[in-house]
Protein chains: 2
Amino acid sequence: MAQQLADKRDLDFVIWEQFDNEGILAHENFEAFNRKTCDMILNEARKIAIKEVLPTMGEGDQVGLIYKDGVVNVPECFHAPFELLKEGEWGNLIVPVDMGGQGAPNFIGAAVAEYITAANFALNGYLTMGNGTANMIQLYGTEEQKRKYVKKLTASEWGGTMLLTESNAGSDVGALESSAVKNADGTYTLTGNKIFITNGEHDLCENIIHPVLARIEGAPAGTRGISIFIVPKYFVNDDGSLGDRNDIWCTGIEHKHGITASATCSMTMGARGKCIGYLLGQENQGMKIMFHMMNGARMHTGFQGLVNASASYVMAVNYARERIQMRELGQPHDASPVAIINHPDVRRNLLWMKSYVSGMRSFFQYMEYQHTRSTLAATEEERTLANGIYELLTPVLKSYFANRGYEVCVQAMQVFGGAGYTKDYLVEQYVRDAKIASIYEGTCGIQAMDLLGRKMGMQGGKVFMTFLSAIQNTITEAKAIDGLTDLAARADKMLNKFIEVAQAITKNAVSEHFKTAFAHSLPYLDVMGDTIMAWMLLWRAVTASRQLAGNPKKKDIAFYDGQIKTAEFFIRTLTPGSIGRMEGIIDQSSAAMDIADEGFGSL
Amino acid sequence: MAQQLADKRDLDFVIWEQFDNEGILAHENFEAFNRKTCDMILNEARKIAIKEVLPTMGEGDQVGLIYKDGVVNVPECFHAPFELLKEGEWGNLIVPVDMGGQGAPNFIGAAVAEYITAANFALNGYLTMGNGTANMIQLYGTEEQKRKYVKKLTASEWGGTMLLTESNAGSDVGALESSAVKNADGTYTLTGNKIFITNGEHDLCENIIHPVLARIEGAPAGTRGISIFIVPKYFVNDDGSLGDRNDIWCTGIEHKHGITASATCSMTMGARGKCIGYLLGQENQGMKIMFHMMNGARMHTGFQGLVNASASYVMAVNYARERIQMRELGQPHDASPVAIINHPDVRRNLLWMKSYVSGMRSFFQYMEYQHTRSTLAATEEERTLANGIYELLTPVLKSYFANRGYEVCVQAMQVFGGAGYTKDYLVEQYVRDAKIASIYEGTCGIQAMDLLGRKMGMQGGKVFMTFLSAIQNTITEAKAIDGLTDLAARADKMLNKFIEVAQAITKNAVSEHFKTAFAHSLPYLDVMGDTIMAWMLLWRAVTASRQLAGNPKKKDIAFYDGQIKTAEFFIRTLTPGSIGRMEGIIDQSSAAMDIADEGFGSL
């Protein structure tokens, strides 16, 4: 039977053949896991995702949410799979054991999540969003706070959120107006209105714990005066039982382009009585604490791009194998029609999609590898550098996966033709669902500013140099392999041009023309992403070539050869375009800054 | 007040300053029109579109269509503006006078349509689709058929359709199974099922005239054996009154990603009794007659990309001028927040959108100019060549506008941030509506095959050479203008590379590697489109430079300078990427054809 949601063979290739995750498993932190248990976990996740979760995706989208009088009902069909996933503890696989999780390594968590997230993104959010809230409390909470909240959140018994955005404070968090006044008992009374709060209210959990950003009366303006509070929907008694309802309410939900079954709530605090919050960490530490969650949220948002793309690609390639339409190119008029996978433009499109899905999957697992290595590192220096790579590349991953992931979904729709434009196939929903990733958790423009303004110069440029060396190492390996020397030389050319563009833009970013540099920051992020794709695909080709040189199973030969062909397609056909775009950035035209506001027209 | 739907100043610039449409108006065919009447028509269209039509766009999308027992009800709010547009004869502005239209030149028709189509694409379809049916009947029908149908169709009293697609005959028209049997009275009895029929059934018109493709019993297989029939919903008596209901019924409507208020119908013929059709033209002439409508349909589909993009851009730039968020880059933390049009990445994005909207608008008007010139041509040679250019560039326009138009809508959503992902702003709908353009009336892949397989070699390559010369002429003009010499040199470089890629791919297309050539055909179409954009933007810069050298009105200076900055942005920042992609095509990697089917994975 054809695969669904993700290509299992490809996932195995990445986690076991491209990356040394058996080496990770050998570490004492993961003694409860070995390759066999990981295989079992992944197979079970795949089964549950396809059989129990996926059937609710389309229905959830079409039924949508019901909001009435402060209450949000999720689609009825979500309840059964939610309970199943909760009971199976699929939401806390990689959460540390002391927080109530299972302590699995990240790589297997990401592999599992490819299935469950792709099967129903909205449902998965209700299941897992408590982990972010729990992480903040675990890091910054008092012992009492940890005891009260953490394990309930990681067990998906209670939901978690993040109350950040207000109508005049979106990208500009420092402009928020929600306020807090300290009470005699050490608690705070909160007032304010928040918008775009994911899962701010729903009926899947008995309680919801809201981390809320607000300004304590008298605190400095801007981001420096923001504190973070724990605001439970229901107060929690000392014995863990639920107490009174707190004065935090959902006042409405957004009607959205996609992820229509994910509740995007407007929330009000203190409108009906008194909203009580508990300070998390110290006063005015809000931004720092929130950013601990933000990196994970950005990785997860990029991941969304990958899984929507992966599922859409798998559906498209399956459809292309089955859909009979038109004779083969060059055959006489009366020849029989063939499956559309035979048509050159369809093949080009499928290989285009495959190259991005493959590159993104490898890059995501590379990031998880870096992250795990940083936690296992023997020395502080090693830890700092591995963590640096992770931080440098997070904005690239977030923005690039959001945009390329979306484009893959759009191209998958194209493979289905007119049928793809209807709700008869899930690609229609993947297109809409995927679009949000370029917007929330910091738009692509914000990611590009983070990359150019903060990340490029990390540790005096050492992190960036280490990143370049890692690419160079793969190119060097490829050069030594028969059949890859030409691709390696082309990748080398691309890397050199990328170094040139990085130098040009970072130099301009600290000159008087800094605005021009930032006007090129998102295209810069994009070519950095392209370079990473070429790197990952070349790395895959190196791995595949070595396996082919061994004694591969017969059924694996086409798979490995497919890796080499995908690298060839991307590097020979697509990277010249990237190199050209790099030239465009190096040129640093200031037209976007020079044009008068009136010049944009429409006045 | 800010503009809506389209930038009026820009439209005026294109039709009166970039192209010599006053010269067109001087022709005797258009003696009823002069510049002043054209201005009045356009202003009136703009007013009606914004005040009467636009308010129904969002509601129409959200209410959608109601299908019950073969009847389709359009959104209630459509009825009033439909009557208004019908009474004002806004649907037949460019239809020849002898067909009941007003005989206006195409350029003013396109300008008017920018407003009315952008204000409500679905509604405009009900208004104008009869023209395509009327054109076929006018060209191929008997005198009786012309008398019965044409003027009712062009007056929007009756609707028109095109029954082509069947579930196993989409791109592959020749596979259709609908059949016709000749009756003793010369009529035909039709049976069959069609899908994806736009406006196949609705309650805005008292009758609908369906052109139907079907195979007469015993006719050859494939496209050679297809005939076309006129199948009225209600028979038409000799006195023009309506007779009995014919046996053609809507059996359901599609639930779609966008254009949800446009009825996409499944139709069945002969299921309840007897479906009678009247042969149009000769037997087995169906494909030839249908293709007369197809070119116009493809132009109109490309146009849809332009107008969705134009409206989305105007909304985005207006929003960017009003939305206050974050301080200016480089200002201290306590500086006041500014409108987001000040932020470099937002400016880059707006200018990116503007460059495509501007280039597409100019290119569309260029095509209308060619089309009108071909009808007014003094010699057969001139007519053939002008018509050749129009035919050569139609598939490029259709596919390129569909894709770039869609991308502009998507980028407009990005400017709105989280709000853009909600249904509070129309950009959300433009994104969904725009997507269809890459699929219907021949997918982008089909357009690319048409370009490479049929159009490149038209008239022994003479048409293509003439097209190249036209670009070269603009470059030569630009070279002579101070301030444009650098841009002209860069455009020249691009044109030379484009000639190289055209040679490489056309050569490969007739070799044994023809499948590889066709695997690069859509990227080839895209770089041809990029070259045309650069040409059009340079042409605009030439026109604007000349106006600036004159004595422009003060308020026009920023507008003209904006043209030059837009050309600079596109040519300096974006065309290097296109040139790079041309290198990728010239390389003609065969990876997409070489990879084994199993290599695509997901098995």
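In chain B, helix α11 (residues 344–376) packs against helix α18 (residues 521–549) at an angle of about 85 degrees, and their axes are 9 Å apart. Helices here are DSSP runs (H or I, at least four residues) numbered from the N terminus; axes are lines fitted to C-alpha atoms over the stretch in contact, with angles from 0 to 180 degrees between N-to-C directions. α11(B) and α18(B) are therefore roughly perpendicular to each other, a label for angles of 65 to 115 degrees.

The model is predicted: local features need pLDDT of at least 70, side-chain atom pairs count only at pLDDT 80 or more, and totals for chains, interfaces and linings use all residues. Residues are numbered from 1 along each chain as its sequence is written, and chains are lettered from A in the order in which they are written.

On the α11(B) side of the crossing lie B:S355, B:Y356, B:S358, B:G359, B:S362 and B:F363, which meet B:I532, B:M533, B:M536, B:L537, B:W539 and B:R540 of α18(B). Contact requires C-beta atoms, placed from the backbone, within 7 Å. Seven of the contact residues are nonpolar, four polar and one charged (Ala, Val, Leu, Ile, Met, Phe, Trp, Tyr, Cys and Pro are nonpolar; Asp, Glu, Lys and Arg charged; the others, Gly among them, polar).

Chain A is divided into domain 1 (8–66 + 74–128), domain 2 (160–284), domain 3 (286–442) and domain 4 (449–592), with bounds from an automatic or database domain assignment. The centres of domains 3 and 4 of chain A, taken over C-alpha atoms, are 18 Å apart. Their contact takes 17 residues from domain 3 and 22 residues from domain 4. On the domain 3 side, α12(A) gives the most, with nine residues.

How values were computed
Helices (H or I, at least four residues) and strands (E, at least two) are DSSP runs, numbered from the N terminus. Angles under 35 degrees count as roughly parallel, over 145 as roughly antiparallel, 65 to 115 as roughly perpendicular and the rest as oblique. Two residues are in contact if their C-beta atoms, placed from the backbone, lie within 7 Å.
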